[in-house]
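The report below describes a single chain, moving from ring contacts to the sheet, the cores and the backbone.

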Amino acid sequence: MSRKPHFTHQQLTFFTSIPRRFKMAVDGGYDWDGRWNHVRKFLERPGPFAHPDFEPCTESLQFLLEMCKILVIGAGGLGCELLKNLALSGFRLIHVVDMDTIDISNLNRQFLFRPKDVGRPKAEVAADFINNRIPGCKVVPHYKKIQDFDESFYRQFHIIVCGLDSIIARRWMNGMLISLLSYEDGVLDPSSIIPLIDGGTEGFKGNSRVILPGMTACIDCTLELYPPQINFPMCTIASMPRLPEHCIEYARILLWPKEKPFGETSLDGDNPEHIQWVFKKSIERAAEFHITGVTYRLTQGVVKRIIPAVASTNAVIAAACSLEVFKIASSAYIPLNNYLVFNDVDGLYTYTFEAERKENCSACSQVPQNLQFPPSAKLQEVLEYLMENASLQMKSPAITTTLEGKNKTLYLQSVKSIEERTKPNLCKTLTELGLSDGQELAVADVTTPQTVLFKLNFTT
């Protein structure tokens with residue numbers, strides 16, 4: 001059953017104004033008669049599903065072909081489909097970011113890659129394939145992490161599309177776009193908004209969503225919708241392993257920090273030497289307890305938290321995301337409002353709903369978050385709350401504050417020397433640390449490029 005979308009006047013104005021903000025240019029060097037007829041049908045004539053404020057014109061197509069700049073994050077299963085769809089829809093100025101290289105296991109669904117490409121960066125191979133196959137398309141690859149780019153890089157794009165398998169990366173990208181927003185007297189400037197189209201798949205399930213930072217629900221507003229990661233009890237891993245995954249987790253969690261095979265280097269799931277070491281130790285552990293099933297692929301999947309992918313699901317979700325990019329870039333149709341669920345486990349089922357923005361979201365709200373603890377609570381309890389609370393789900397929070405006019409690091413885990421110096425603070429009470437009611441705590445975490453402010457409220 002369909003529902004009439006509920007958009008504010010500000011949102012509708014935002015959707016219909018995108019092509020008009022930019023000067024148009026024409027380049028017919030790669031076009032031939034009839035090449036874009038399929039796109040012109042949507043942009044140069046009215047229809048029953050058109051946006052109420054849409055005016056058919058030729059400038060919209062010119063904007064798609066010559067001006068609209070799209071960033072695709074991820075060149076894996078979703079990313080390959082996204083690049084193909086966008087390029088064939090008329091988007092020519094595309095950048096793609098991916099930090100991974102091609103593995104032989106990718107070839108069954110990531111169709112831009114061939115056996116000869118194994119070991120090469122996904123972004124570079126995908127860009128070369130699209131550029132060679134689709135005349136006029138200019139895909140620019142970036143074999144890097146999204147965290148390697150600053151604000152100026154992201155500001156250049158009109159729309160950003162995520163095809164990621166990492167919640168942490170999604171949250172970081174969400175935080176980056178929120179940090180780009182500008183306000184005048186508390187009123188959001190619509191021109192500072194970069195729409196984020198996010199797609200995700202898990203086996204035969206998937207979702208796509210449209211996020212207008214500062215206007216609609218962001219990633220962190222709906223963290224509860226993401227399935228929790230599977231964690232095995234430590235006692236099982238250490239003493240009573242029964243599954244091959246238990247053996248791999250033993251090598252990853254217990255043996256790696258103990259044996260330090262590569263010095264102080266953290267375990268990198270994208271480093272073949274690291275995975276090989278964990279694989280070897282996992283086999284030894286499995287043999288000791290007569291457990292079978294440990295493979296290199298399973299080891300890599302456990303270490304990187306890889307979720308099994310299905311090509312058809314990727315195709316459906318990428319198509320949904322690409323459609324939303326086209327809607328926003330052309331302003332021809334009202335975009336998804338704002339969450340689509342796809343399920344192909346038992347039959348075929350889709351559903352759309354409006355994810356609501358949280359007033360106290362740690363990422364997109366404009367007020368400090370409240371932390372309620374008694375003065376006798378220990379810093380360890382605060383740390384655990386930041387990591388375990390369903391609305392926060394931080395991974396390795398670093399906590400700082402201002403005491404007597406000076407910045408003081410209460411706890412920081414990522415730098416070993418500082419971690420050793422601040423670790424005793426975890427056992428101290430908030431009072432012993434010199435904190436008072438109303439104290440502001442600044443928390444940095446890998447899930448966001450921004451520092452999140454919390455206000456400490458003492459309870460009795």
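## Charges over rings

The charged end of R285 sits over the ring of Y250, at 3.6 Å from the ring centre, where a charge sits over a ring if NZ of Lys or CZ of Arg is within 6 Å of the ring centre and within 35 degrees of the ring normal. K69 also places its charged end over a ring, that of F157, at 6.0 Å from the centre.

This is a predicted model, in which local features need pLDDT of at least 70 and side-chain atom pairs count only at pLDDT 80 or more, while totals for chains, interfaces and linings use all residues. Residues are numbered from 1 along each chain as its sequence is written, and side-chain values use heavy atoms, with hydrogens and water left out.

## The open sheet

An open sheet of mixed pairing is formed by 8 strands in the order 3-2-1-4-7-8-9-10; helices (H or I, at least four residues) and strands (E, at least two) are DSSP runs, numbered from the N terminus, and two strands pair if DSSP finds at least two bridges between them. Strand 3 (138-142) and strand 10 (349-353) are the edge strands, each pairing on one side only. From one strand to the next the twist averages 15°, with axes taken as lines fitted to C-alpha atoms, for helices over the stretch in contact, and angles running from 0 to 180 degrees between N-to-C directions.

Strand 1 (residues 69-73) and strand 2 (residues 93-97) run parallel and are joined by 5 bridges, and I70 has I94 as its bridge partner in strand 2. Strand 9 and strand 10, by contrast, run antiparallel, again with 5 bridges between them, and V341 is partnered by Y351 in strand 10. Their hairpin has 5 residues between the strands, and in it G347 takes a positive phi near 80°.

## Helices on the sheet

Helix 7 (residues 167-179) packs on the sheet and touches strand 1, strand 4 (159-163) and strand 7 (196-202), contact meaning heavy atoms within 4.5 Å; the direction of helix 7 makes about 170° with that of strand 7. Helix 12 (residues 311-330) lies across strand 1, strand 4, strand 7, strand 8 (205-211) and strand 9 (339-343), and runs at about 170° to strand 7.

## Nonpolar cores

The largest nonpolar core has 47 residues, of which I70, L83 and F91 touch the most other members. Such a core is a set of buried Ala, Val, Leu, Ile, Met, Phe, Trp, Tyr and Cys residues joined through side-chain atoms within 4.5 Å, and buried means under 20% relative accessible area, exposed over 50% and partly exposed in between (1.4 Å probe, protein chains only). Helix 12 supplies the largest share of this core, 7 residues.

Leaving aside neighbours within four places in sequence, F91 is in contact with L64, C68, I70, L86, C137, V325, F326 and A329. Another core, of 39 residues, lies apart from the largest one and includes L180, L181, I211 and C218.

## Aromatic pairs

The structure holds 13 aromatic pairs; rings of Phe, Tyr and Trp (its six-membered ring) pair if their centres lie within 6.5 Å, and planes under 30 degrees apart count as stacked, over 60 as edge-to-face and the rest as tilted. The W256 and F262 rings have centres 5.7 Å apart and planes at 25°, so this pair is stacked. W256 is buried, with a relative accessible area of 7%, whereas F262 is partly exposed at 30%.

For F373 and Y385 the ring centres are 5.8 Å apart and the planes stand at 90°, so this pair is edge-to-face. The pair links distant parts of the chain, with F373 in strand 11 (residues 369-373) and Y385 in helix 13 (residues 379-388), 12 residues apart. F373 is buried, with a relative accessible area of 9%, while Y385 is partly exposed at 32%. Elsewhere, ring pairs link F149, F153, Y154, F157 and W172 into a cluster.

## Backbone features in loops

A cis peptide bond, with omega about -10°, joins N337 and N338, and N338 is placed in the loop between helix 12 and strand 9. S331 is placed in the loop between helix 12 and strand 9 and has a phi near 60°, a positive value in a residue other than glycine; S331 is buried, with a relative accessible area of 3%.

K260, in the loop between helix 9 (244-259) and helix 10 (272-288), has a positive phi near 45° and is a residue other than glycine. K260 is partly exposed, with a relative accessible area of 36%.
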